[in-house]
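Please keep the structure in view while reading the points below.

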Amino acid sequence: MCLAVPGKILSVAGDDPLSRVGRVDFGGVLRQINLAFTPEADVGDYVLVHVGFAISVIDAGQAARVFEQLRELGDLDEAPR
Amino acid sequence: MKFRDEYRDSSAARRFADAIARTVTRPWTLMEVCGGQTHAIVRYGIDELLPSGLTLVHGPGCPVCVTPAEYVDKAIEIALRPDVILCSFGDMLRVPGSQGDLLAAKSQGAQVRIVYSPLDALDVARRHPDREVVFFAVGFETTAPANAMACYRARQEALRNFSMLACHVLVPPAMRTLLDAPSRRIDGFLAAGHVCTIMGYREYEPISAEYRVPIVVTGFEPLDILEGVLLCVKQLEAGRAGVENQYSRAVRPEGNRHAQNLIAEVFRIVPRRWRGIGDIAGSGLALAESYNDYDAERRFGCVRTQSERISECISGLVLRGERKPPDCPAFGTRCTPEHPLGVTMVSTEGACAAYHRFRGATVCKGAAR
């Protein structure tokens, strides 16, 4: 029930902070999403969306961290013991 | 889909699993408190990638499952009124109350509508000014801001025919209750990533320190869960207990302040009964007094409360992580998603439903560690 899906903001409309909406692309499916909780979100950003609301802007730098961790694990594998 | 598919890579998952196997020297039991994570663990067989002795148990991570029967009864009582349209997330329709469920009420003529967002319920209220429109608001912290927004906007627009039956639950008090149980066998937690997207993770720090348990804020994809497990067992093996954030692409330490402010404006913290667990102090959200006019319980004077039906269902033990679904003698035989005995088989995010869907009814008893 806490499912949240990442999508890319294609456009933003509205000035009222409570009803500012974004057109968000979820792998080809487009939906209008309320941006009240992510006032910093802008066109091109990826947001996590839950029941029609963006709840977080995805940090692309942090998103790569899992794979950096994996590379470190790989180096560990190859290191002589 | 970006920020999703890359976290499902099977060779990367295998490397995390290998690292976990190299790290673990003793048996450990970790609990996730999120139905979405339970679903992913069973769907992708993540538990089967782990070394024997490292056990994942599934906690009360499904808000639909822990909503007490008395609230389903209240929703049914309200929905059966001829002037009411009751709006609900779809998952709630088959959750049993003490007598029946909302789907049965619908078949008796009650106006019950499934909505995707609480804002859809507001639209129904605007379109039907002659009807009372009630939104059945359940969920964890993740859903609370959206539901709060519906009430906030209703008051702003003076939408008098809208009200809310609020039965929200909060995760950290439930974690304390599980840790206080004499039968406790939880060595570490994977904290629910999207709950923390809203609330941050400062409130987990005292829990981790007091009970000496590692708590790792974890995402929902297979690589997220495996990395969360790795971080947790690294702490356990080193004798450390702290809060770490695996899901940093979405979770900031302080959470989402805009969402928290709206929760504080619209809701107040109350004691709440959790199905299968019991009463937990400070574990629920009800509407704040300033929103009394939008409180469906007050508007319709719900009073009926009845005890839960007694059956052979062990969903209470499953919700507390003390049993796994295949341990239940009724699993897959007298209890199936078509004919569920308990909530954990009803809700698609319930642990029993996940095992039934992805492991089959004939899952070997005891094979699920």
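Two residues are taken to be in contact if their C-beta atoms, placed from the backbone, lie within 7 Å. The model is a predicted one, and by this contact criterion B:H168 touches B:A137, B:V138, B:G139, B:A144, B:F267, B:G284 and B:L285, once residues up to four places away in sequence are set aside.

**The surroundings of B:H168**

- B:H168 is placed in strand β6 of chain B, and it counts as buried because 25 C-beta neighbours lie inside 10 Å, where the cut-off for a buried residue is 20 or more.
- Between B:H168 and B:T336 there are 168 residues in sequence, and the C-alpha atoms of the two residues are 27 Å apart in space.

**The six-stranded sheet of chain B**

- In chain B, 6 strands make up an open sheet with mixed pairing, in the order β4-β3-β5-β6-β11-β10.
- The edges of this sheet are formed by β4 (111–114) and β10 of chain B, each of which pairs on one side only, and neighbouring strands are turned against each other by 25° on average, with direction ignored.
- Within the sheet, β3 (residues 84–88) and β5 (residues 132–139) of chain B run parallel and are joined by 5 bridges, with B:L86 having B:V134 in β5(B) as its bridge partner.
- Helix α5 (residues 69–79) of chain B packs on the sheet, where it touches β3, β4, β5 and β6 (162–169) of chain B, and the direction of α5(B) makes about 145° with that of β3(B).

**Helix α9 of chain B**

- The buried residues of helix α9 (residues 171–180) of chain B are B:V171, B:P172, B:A174, B:M175 and B:L178, and these lie on the same side of α9(B) because they cover an arc of only 160° around the axis.
- The elements against which the buried residues of α9(B) pack are β7 (188–192), α10, α11 (205–211), β10 (267–274) and β11 (278–287) of chain B.

- The domain assignment divides chain B into domain 1 (5–63 + 178–245), domain 2 (64–170 + 256–300) and domain 3 (315–359).
- The centres of domain 1 and domain 3 of chain B, taken over C-alpha atoms, are separated by 21 Å, and the contact between these domains takes 16 residues from domain 1 of chain B and 12 residues from domain 3 of chain B.
- On the side of domain 1 of chain B that touches domain 3 of chain B, the elements giving two or more residues are α2 (35–43) and β2 (54–58) of chain B, and α2(B) provides the largest share, with 6 residues.
- The residues on that side of domain 1 of chain B comprise 8 nonpolar, 7 polar and 1 charged.
- Because 8 of the 9 residues of α2(B) are buried, this helix is largely enclosed by the rest of the structure; the buried residues are B:G35, B:G36, B:Q37, B:T38, B:H39, B:A40, B:I41 and B:V42.
- Just after α2(B), B:G45 adopts a positive phi of about 65°.

**The contact between chain B and chain A**

- In the contact between the two chains, 41 residues of chain B meet 30 residues of chain A.
- The elements of chain B that each supply at least two residues of the side touching chain A are α1 (10–23), α2, α4 (63–66), α7 (118–127), α8 (144–156), α10 (193–199), α12 (222–238) and α13 (257–266).
- That side of chain B is made up of 22 nonpolar, 11 polar and 8 charged residues.

**Strand β4 of chain A**

- Strand β4 (residues 46–50) of chain A is largely enclosed by the rest of the structure, because 5 of its 5 residues are buried.
- Both faces of β4(A) are covered, with A:Y46, A:L48 and A:H50 buried on one side and A:V47 and A:V49 buried on the other.
- Strand β1 (residues 5–13) of chain A pairs with β4(A) in the antiparallel sense over 4 bridges, and A:V5 has A:V49 as its bridge partner in β4(A).
- β4(A) is also joined by 4 bridges to strand β5 (residues 53–57) of chain A, again antiparallel, and here A:V49 stands opposite A:A54 in β5(A).
- β4(A) and β5(A) form a hairpin with 2 residues between them, and A:V51 in the turn has a positive phi of about 35°.

Technical notes: Residues are numbered from 1 along each chain as its sequence is written. Chains are lettered from A and ligands numbered from 1 in the order in which they are written. This is a predicted model: local features need pLDDT of at least 70, side-chain atom pairs count only at pLDDT 80 or more; totals for chains, interfaces and linings use all residues. Domain bounds come from an automatic or database domain assignment. Ala, Val, Leu, Ile, Met, Phe, Trp, Tyr, Cys and Pro count as nonpolar, Asp, Glu, Lys and Arg as charged, and the others, Gly among them, as polar. A residue is buried if 20 or more other C-beta atoms lie within 10 Å of its own, exposed if 12 or fewer, and partly exposed in between; C-beta atoms are placed from the backbone. The arc is that of the directions from the helix axis to the C-beta atoms. Two strands pair if DSSP finds at least two bridges between them. Axes are lines fitted to C-alpha atoms, for helices over the stretch in contact, and angles run from 0 to 180 degrees between N-to-C directions.
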